[in-house]
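User: I would like to go through a few backbone and helix details of this model with you.

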Amino acid sequence: MPRDRRDFFYRKAKVEGYRSRAAFKLKQINEKFKIIKKGDTVVDLGAAPGGWLQVAKELSGGKVLGVDILPIDEIEGVDIIKGDIRLDTTIEKIKEKSKRPMLLSAMLRPTFQEAGVMTMPVPLTLLPRLLSVQERS
Ligand SMILES: C[S@@+](CC[C@H](N)C(=O)[O-])C[C@H]1O[C@@H](n2cnc3c(N)ncnc32)[C@H](O)[C@@H]1O
């Protein structure tokens, strides 16, 4: 994305109170594909700083859960789990708090994210983890 466009969404997020520019990406995706519907339970795996959680709450109005290795500041009406989704203990906590959720995920290595570098999509090795949340919930 060109820098001026990136800056536009960065500023827009600040003005509109979203925690990340990614909030607008999820809005765009939802306008096109309607992946989140009213009343849906939504889980964002790798959710810090929480832009998608804010939008998911607006769109669904239902149960919304964010999971991340990094801390996430509170969002009204949203549950937060601090944990590594590669661990069984984290998966169990997610399953306790959500049944058959709409799963969102755009995970990046946290260290890279802190450095502000966009890197990889969800690593293939984590896919079984993601699916196990869906299937066994
Ligand atoms: C691009 S950010 C997510 C942005 C978020 N969807 C938003 O809208 O603000 C990716 C996140 O994935 C998290 N992450 C990466 N690997 C993880 C793992 N194994 N378990 C939990 N979170 C992880 C990182 O800490 C980072 O905060």
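User: Is R100 buried, partly exposed or exposed?

Analyst: This is a predicted model, and in it R100 is found in the loop between α4 (88–97) and β4 (102–105). R100 has a positive phi of about 40° although it is not a glycine. A residue needs 20 or more other C-beta atoms within 10 Å to be buried and 12 or fewer to be exposed; because R100 has 13 such atoms within 10 Å, it counts as partly exposed.

User: Which class, buried or exposed, does K34 fall into?

Analyst: K34 lies in the loop between α2 (22–33) and β1, and just after α2 it takes a positive phi of about 50°. Because K34 has 9 C-beta neighbours inside 10 Å, it counts as exposed.

User: Within what arc do the buried residues of α2 fall, seen down its axis?

Analyst: α2 has twelve residues and reaches 16 Å from its first C-alpha to its last, close to the 16 Å expected at 1.5 Å a residue. Its buried residues are A22, A23 and L26, and they line one face of the helix because, seen down the axis of α2, they fall within an arc of 110°.

User: Which residues are exposed on the other side of α2?

Analyst: The buried residues of α2 are A22, A23 and L26. On the other side of α2, the exposed residues are Q28, E31 and K32.

User: What is the omega of the cis peptide bond that joins A48 and P49?

Analyst: P49 has its place in the loop between β1 (42–45) and α3 (51–60). The peptide bond joining A48 to P49 is cis, with an omega of about 5°.

Notes:
Residues numbered from 1 in each chain as written. Predicted model: local features only at pLDDT ≥ 70, side-chain atom pairs only at ≥ 80, totals over all residues. Helix = DSSP H or I, 4+ residues; strand = E, 2+ residues; numbered from the N terminus. Expected span 1.5 Å × (residues − 1). Arc of directions from axis to C-beta.
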